[in-house]
Amino acid sequence: MFFERPESGERAILVHIEMADEVDQESPQELEELAISAGADPVDWLMGSRAQPSPKFFIGSGKLDELQQLVQLHQVELVIFNHSLSPGQERNIEREIKCRVLDRTGLILDIFAQRARTHEGKLQVELAQLEHMSTRLIRGWTHLERQKGGIGLRGPGETQLETDRRLLRARIKSIHKRLERVRKQRDQGRRSRKRAEVPTLSLVGYTNAGKSTLFNRITASEVYAADQLFATLDPTLRKVEIADVGPAILADTVGFIRHLPHKLVEAFRATLQETTEATLLLHVIDCHDDERHGHIREVESVLKEIGAADVPELQVYNKIDLLPGQEARIDRDEEGKPVRVWLSAVSGEGIDLLFQAASELLAEDVFHETLSLKPQEGGFRAQLYAQGAVIKEDVDEQGCMLLEVRLQKKDLLQILSRAGIPAERYCPAEVHY
């Protein structure tokens with residue numbers, strides 16, 4: 001019911017009204033991109049401005065007449081509003097223009113329904129659609145809206161509308177239970193990664209910033225990536241190796257968008273959990289986009305809403321190949337800590353700098369010294385080599401092995417413990433338990 005879409009695009013009129021009392025206006029260009037991503041064929045615009053929305057039609061009566069004329073002129077099947085409409089406003093407009101009306105939330109839900117590929121993704125989208133639809137069920141059933149009384153007018157006990165609502169509630173409850181099982185499985189996977197002390201890097205960012213292209217470039221995967229909004233819905237995890245850190249998990253997640261419908265944030269909470277529990281967020285930004293500063297604010301807003309505002313973050317300015325003269329580099333703060341990396345996921349320029357910056361942020365507790373080992377400590381030497389920690393080896397005049405090693409202190413302490421060597425010998429400042 002929810003995932004079958006016609007192959008041909010639907011001719012559509014797009015409606016964008018500037019509201020005087022709205023500070024953060026939606027972007028008309030973004031609505032067009034969303035409509036095209038959904039498979040619509042935008043043929044015309046209805047633009048205007050109002051002090052505030054009309055309670056009945058959202059737009060004024062003059063604009064409603066203009067919209068009706070455009071619908072008849074272009075013979076369109078769909079009108080898309082760049083705003084959130086109430087169920088009543090949708091019904092009233094449809095009744096007047098005799099054409100299907102979709103608001104911004106409904107459009108995003110439709111795109112999500114088309115993009116969902118995994119069982120979990122489909123469940124999450126269906127949940128969001130059902131909850132959105134539950135307030136709009138009255139449409140099409142107005143003749144059954146009330147049970148009538150009196151002779152010859154007594155109803156069967158439950159109207160079709162009430163039956164639909166009851167079935168809808170049962171389906172929503174069933175999906176919630178199944179998603180709860182998915183959440184528990186994800187939690188189990190995250191707990192096992194924490195026990196193994198494997199850090200997680202989560203790619204976040206505005207939709208179409210290039211997260212999946214970057215993910216594919218780093219991991220040599222073939223995750224679906226396209227120049228369209230919401231190409232990725234289902235989280236994908238891959239293992240990567242980071243210098244001085246070792247194995248880490250890279251997660252590709254769903255893109256954010258301005259005023260992401262709250263129903264979607266709720267439905268995708270299991271997916272977004274990968275972001276809230278990440279060790280480091282890689283915030284991918286399209287540096288070629290004029291709206292990038294607004295997009296950054298939107299992403300930060302969603303991160304705050306899902307409880308990920310305090311997770312350490314590294315900004316990744318992607319698509320430098322579209323900026324003439326822009327070279328790959330790392331921007332640092334006053335303390336020399338990486339805060340931003342400029343790169344191109346398409347050409348691969350700057351990917352090494354991303355790994356360098358991630359290594360610096362994740363491997364803050366790195367031991368890099370030259371150790372002097374006695375000849376009888378060959379077992380300790382072998383374990384350091386097995387860890388891949390030895391950079392260079394020499395022998396001094398006394399026959400001791402001089403090993404230049406670089407590894408995390410916690411790994412060194414574990415090796416020292418296994419070799420039966422007192423930790424204080426190499427890490428005198430450490431507190432050991």
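This is a predicted model: local features need pLDDT of at least 70, side-chain atom pairs count only at pLDDT 80 or more; totals for chains, interfaces and linings use all residues.
**Overall figures**

The chain has 433 residues, and 48% of them count as buried. Its accessible surface comes to about 22000 Å², with 48% of that area belonging to carbon and sulfur atoms. Of the contacts between residues at least 6 apart in sequence, 68% join residues at least 24 apart. The structure holds zero disulfides.

| Residue | Relative accessibility | Class |
|---|---|---|
| C99 | 8% | buried |
| C287 | 3% | buried |
| Q356 | 36% | partly exposed |

Because buried means under 20% relative accessible area, C99 at 8% falls in that class, and so does C287 at 3%.

**Strand β1 and its partners**

Seven of the ten residues of β1 are buried, so this strand is largely enclosed by the rest of the structure. β1 runs parallel to strand β2 (residues 40-50), and ten bridges join the two. Within this pairing, R11 stands opposite D41 of β2. β1 also pairs with β3 in the parallel sense, over four bridges. Here A12 has L78 of β3 as its bridge partner.

In soluble globular proteins, nonpolar side chains tend to be buried together. In this model the largest nonpolar core has 30 residues, and those touching the most other members are L34, I80, L107, F256, L281 and L303. Two or more residues each come from β1 (10-19), α1 (28-37), β3 (78-81), α4 (104-115) and α10 (292-305). The element that gives the most to this core is α4, with five residues.

L303 illustrates the packing. Neighbours within four places in sequence aside, L303 is in contact with V204, F256, T275, L281, A308, A309 and E313. Another core, of 28 residues, lies apart from the largest one, and A248, L280, I330 and L362 are among its members.

**Q356 in helix α11**

Q356 lies in helix α11 (residues 351-362). At 36% relative accessibility, Q356 counts as partly exposed. Neighbours within four places in sequence aside, its contacts are I330 and R332, and I330 is also one of the residues of the 28-residue core.

Strand β13 (residues 390-395) pairs with strand β14 (residues 401-408) in the antiparallel sense, over five bridges. V395 stands opposite M401 of β14. The two strands form a hairpin with five residues between them, and in the turn G399 has a positive phi of about 90°.

Which residues of helix α13 (residues 409-419) are buried? They are D411, L412, I415 and L416. These residues cover an arc of only 135° around the axis, which puts them on the same side of α13. The face turned away from that buried side carries the exposed residues S417 and R418. Just after α13, G420 takes a positive phi of about 75°.

Key
Residues are numbered from 1 along each chain as its sequence is written. Side-chain values use heavy atoms; hydrogens and water are left out. Buried means under 20% relative accessible area, exposed over 50%, partly exposed in between (1.4 Å probe, protein chains only). Contact means heavy atoms within 4.5 Å. Accessible areas come from the Shrake-Rupley method with a 1.4 Å probe; for residues, only the protein chains shown count as cover. A disulfide is a pair of cysteine sulfur atoms within 2.5 Å. Two strands pair if DSSP finds at least two bridges between them. The arc is that of the directions from the helix axis to the C-beta atoms. A nonpolar core is a set of buried Ala, Val, Leu, Ile, Met, Phe, Trp, Tyr and Cys residues joined through side-chain atoms within 4.5 Å.
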